[in-house]
Amino acid sequence: MEPLYGPIRDYAWGSRSAIALLQGRAVPSAGPEAELWLGAHPGAPARVDRAGLRVSLCDLVRDEPGQWLGQRVSERFGSRLPFLLKVLAADAPLSLQAHPDAEQARAGFAAEQARAVFAAQAGRPEGERNYSDPHHKPELLVALTPFEALCGFRDPAESAEALAAFDVPELTPVVTALRAGPAGLRTAVRTLLGWPVEERAELLGSVLAASADGPDAELVRRLAKAYPADPGALVALLLHHVRLVPGEAIWMPAGNLHAYLSGCGVEIMAASDNVLRGGLTPKRVDVDELLRVLRFEVLDDPVRAAQPVGPGVDWWPVPVDDFALHRVRVGAAVPSVTLPLPGPRVVLCSGGSITVDDGAGALTLASGEAAIGTGAGEPLRISGAGEGYVATSGLR
């Protein structure tokens with residue numbers, strides 16, 4: 001195993017304490033720290049020591065895919081690490097968003113590439129893109145602290161009553177659509193996100209002035225105050241509002257509208273940048289493309305509990321082969337565990353101290369430190385007194 005040094009992204013919504021505390025640094029940090037990236041994403045690759053220098057993992061994987069990924073992973077995904085492991089720390093709400101499935105991503109990326117070529121030939125500006133690569137982007141987030149999120153469409157009847165409680169006549173068409181059941185979800189989303197720009201502040205003002213109370217009203221007021229002219233504050237009421245305790249997870253497959261609101265968690269995703277935004281953001285919202293990607297289905301329960309694999313080991317199974325995530329807890333009761341997981345393997349210590357050994361060398365990690373093992377390693381042995389998360393491909 002080798003030390004892996006991940007960059008920290010300083011998005012404005014990030015925490016000034018969560019990642020610093022995880023890594024044992026002074027609090028508050030100098031600025032917001034939103035995400036610690038532990039992967040080979042070209043936007044912010046982690047680094048590995050080589051001959052006195054810290055070299056991009058992205059470059060190493062590209063140049064030596066067989067060594068770093070192993071034969072099966074490189075044959076399936078080419079010369080790229082198919083997953084990205086993160087620590088995410090939110091002090092303010094992130095945008096509502098959804099991600100395309102694999103077929104949509106391929107088609108969308110190809111179409112935008114063709115438009116870019118045509119625009120270049122015609123001497124016209126290319127315009128903004130929705131697709132930066134031809135890959136899907138399913139995500140799994142496991143809470144490290146109490147975590148709050150919006151995830152998946154809930155029963156439209158509940159959403160209709162929540163919106164009706166504001167007694168704002170302009171919302172009547174949305175309420176009517178939702179009372180028709182799941183078939184009305186598309187109409188409700190289109191109506192809210194297509195609200196005339198010049199009328200949005202007035203609509204949200206009417207909602208803020210309403211006398212409705214309860215958790216739904218509290219949520220929409222909180223979001224409307226942060227985004228006073230953004231109809232995403234009302235779209236939020238179409239979704240499950242979930243509060244995770246540490247160890248619980250939410251799974252976000254393709255077409256699932258979601259947003260993180262607060263808290264710190266370990267997130268693993270397919271390595272892609274494809275995002276269709278649905279509000280709670282100053283960035284562009286392409287309503288037509290979002291509606292094409294969304295799956296207008298009620299999600300019964302977005303929360304996933306950890307499933308035990310063996311003493312000291314559990315995981316959250318997901319139906320993709322890009323990634324899998326295991327949590328390991330070792331100490332007096334379980335001094336060590338051995339995981340016969342194929343490479344590549346990225347390990348994050350999330351508390352205490354753990355020693356990781358893939359047969360090529362043992363490495364001790366403190367909280368907030370990470371390591372990577374190549375695709376040729378032996379079964380991974382973890383010992384010590386602490387907790388760690390192990391990210392691998394989902395191929396078995």
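Predicted model: local features only at pLDDT ≥ 70, side-chain atom pairs only at ≥ 80, totals over all residues.
**Helix H6**

Helix H6 spans residues 156-164, and its buried residues are Pro156, Ser159, Ala160, Ala162 and Leu163. Viewed along the axis of H6, these buried residues fall within an arc of 165°, so they line one face of the helix.

The N-terminal end of H6 is capped by Asp155, which places a side-chain oxygen 2.9 Å from the backbone nitrogen of Ala157.

**Residue Glu248**

Glu248 is located in the loop that connects strand E10 (239-244) with strand E11 (249-252). Its relative accessibility is 25%, so Glu248 counts as partly exposed; this class lies between buried, under 20%, and exposed, over 50%. When residues up to four places away in sequence are not counted, Glu248 touches Leu141, Val142, Ala143, Arg243, Val303 and Arg304. A separation of 23 Å is found between the C-alpha atoms of Glu248 and Arg16, which are 232 residues apart along the chain.

**Annotated domain**

An unreviewed UniProt entry carries the annotation "domain: Phosphomannose isomerase type I catalytic" for residues 7-154. In the model, the end C-alpha atoms of residues 7-154 lie 36 Å apart. The span is 30% helix and 25% strand.

Technical notes: Residues numbered from 1 in each chain as written. Heavy atoms only, no water. Buried < 20%, exposed > 50% of the residue type's maximum accessible area, 1.4 Å probe, protein only. Helix = DSSP H or I, 4+ residues; strand = E, 2+ residues; numbered from the N terminus. Arc of directions from axis to C-beta. Polar contact = N/O pair within 3.5 Å; in protein donor to acceptor, adjacent residues only side chain to side chain. Contact = heavy atoms within 4.5 Å. UniProt positions renumbered as here; feature names shortened; annotations may be inferred.
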